[in-house]
Amino acid sequence: MKVLVLGNGGREHALAWKLAQSQRVSEVFVAPGNGGTARDPCLKNVAITDVQALADFALAEKISLTVVGPEAFLAAGVVDEFRARGLRIFGPTKAAAQLESSKAFAKDFMKRHGIPTAAYETFGDAALAHAYVDQQGAPIVIKADGLAAGKGVVVAMSLAEAHEAIDWILQDNKLGVAHNEGGARVVIEAFMQGEEASFIVLCDGKNVVSLATSQDHKRLLDKDEGPNTGGMGAYSPAPVVTPNVHAKVMHEIIMPTIQGMARDGHPFTGFLYAGLMIDEQGNPRTVEFNTRLGDPETQPIMMRLKSDLFEVLMHATDGTLDQVELQWDRRVALGVVLAASGYPLSPRKGDLVSGLPADKEDAMVFHAGTVLKDGDLLTNGGRVLCVTALGESVRQAQQLAYETLTPIQFEGKQFRQDIGHRAVKR
């Protein structure tokens, strides 16, 4: 069987690495891939990003399964195109992917279906947005309506920050938002107290299988300070998601979402990611939905997954996820992101990466923003690498991850020293 993975980040490297381990898989193509997938003898990069051309490639190569990594392909309707051509692909349709591609759509959907989330209002007019923020006060959360590679959210702790974020989104587009039809819009939400967790499930339109829980670290700097990023590290499992919280999330958030999407005429297939805020009483509320795997959560989750991912995704595309029970490594996996100089607002590209250690059973370096050029590995994006390790405890996984990343060098590299700090304290 041949498999195609769409995307060029750390999530896609981890997915391709895991899919290549299946005994039924003969070749794994990654489009367009990165420096890490180019260096891996088990993977083949394909320099195609156009949806029509990807479908042509899949037909010509007799691809058995395509797996979509990033949100941009989903918003471009890649699943609709592949299905129209009779190709097997795992991901949501363009209509279902609005749960991520439009924050306004997602909030209206949650309100309509009684899914717990923060109070909110949506604005296209900057003056009205500024007036609303003055009325509500800070802290407050400002979100771009369109896709922004994980950087379209500002948790404003002061009114000045909130006003700046509104201007960034509605006037300057400093966050690089791909605005939806109708122009720039901003969703302004009440600030939620609690601890965040990432809850990701596989859906076949009706049946749901939950992946191992994880926790992302969004802020750039130690102690959760500095600007929001696409994620500076993650670990799995997340202790904050107790069995009781897990049951509540499935009952109050995940199943109502899957059932609501089906009722609205957009059956959801693919990875559904619910970003959660869990309060001190163990009550989860939805921060956001993503319609794909999280990055960097995927890297630790794939390190822990013992089941054959190819077999699981074949069930998912057959509508038989009710026959699947996932097997997990009992160890903790923890990943630390090494980011480029200037990340997140103006990441620098073209710096030489050196000192990469050999991959091991319990320590992997997954590539994200890298490119192979004339034999040299260069930085090619904001988040460059995710060094991921397994350990008997969070502290052991943390120790091995930091030991593994120590020899890796590139100019201006940034990384947090405290990934997993909440779990270590428990």
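This is a tour of selected spots in a predicted model, to be followed with the structure open in a viewer.

**Stop 1: the H8–H9 pair**

Select residues 126-136 for helix H8 and residues 159-172 for helix H9. Two packed helices are described by the angle between their axes and the distance between the axes. Here the axes come within 10 Å and cross at roughly 160 degrees. Angles over 145 degrees count as roughly antiparallel, so H8 is roughly antiparallel to H9. The crossing of H8 and H9 is right-handed.

Now show side chains at the contact. From H8, pick Ala126, Ala129, His130, Val133 and Asp134. They meet Leu159, Ala162, His163, Ile166, Asp167, Leu170 and Gln171 in H9. Which classes make up this contact of H8 with H9? There are 7 nonpolar, 3 polar and 2 charged residues.

**Stop 2: threonine 388**

Go to strand E22, residues 383-391, and select threonine 388. Is threonine 388 buried or exposed? Its relative accessibility is 0%. The cut-off for buried is under 20%, so threonine 388 counts as buried.

Display what surrounds the residue, leaving out residues up to four places away in sequence.

**Stop 3: backbone exceptions**

Switch to a backbone view. Most residues other than glycine have a negative phi, and most peptide bonds are trans. The next selections depart from that pattern.

Start with alanine 31 and proline 32. A cis peptide bond joins alanine 31 and proline 32, with omega about 0 degrees. Proline 32 is found in strand E2, residues 27-32.

Next, select tyrosine 343 and proline 344. The peptide bond from tyrosine 343 to proline 344 is cis, with omega near 10 degrees. Proline 344 is in the loop between strand E18 (332-339) and strand E19 (363-367).

Then move to lysine 223, in the loop between strand E13 (219-221) and strand E14 (225-228). Its phi is positive, about 65 degrees, although lysine 223 is not a glycine. Color by accessibility: lysine 223 is exposed, with a relative accessible area of 68%.

Step on to aspartate 224, also in the loop between E13 and E14. Phi of aspartate 224 is near 55 degrees, a positive value in a residue other than glycine. At 24% relative accessibility, aspartate 224 counts as partly exposed.

**Stop 4: glutamine 409**

Finish in the loop between helix H13 (394-405) and helix H14 (421-425), where glutamine 409 has its place. Glutamine 409 is partly exposed, with a relative accessible area of 40%.

What does glutamine 409 touch, not counting residues up to four places away in sequence? The contacts are Leu352, Val353 and Ser354. The backbone oxygen of threonine 406 lies 3.4 Å from a polar atom of the glutamine 409 side chain.

Conventions: Residues numbered from 1 in each chain as written. Predicted model: local features only at pLDDT ≥ 70, side-chain atom pairs only at ≥ 80, totals over all residues. Heavy atoms only, no water. Axes fitted to C-alpha atoms, helices over the stretch in contact; angles between N-to-C directions. Helix = DSSP H or I, 4+ residues; strand = E, 2+ residues; numbered from the N terminus. Parallel < 35°, antiparallel > 145°, perpendicular 65-115°, else oblique. Left-handed = near helix turned anticlockwise from the far one by under 90°. Contact = heavy atoms within 4.5 Å. Nonpolar A, V, L, I, M, F, W, Y, C, P; charged D, E, K, R; others polar. Buried < 20%, exposed > 50% of the residue type's maximum accessible area, 1.4 Å probe, protein only. Polar contact = N/O pair within 3.5 Å; in protein donor to acceptor, adjacent residues only side chain to side chain.
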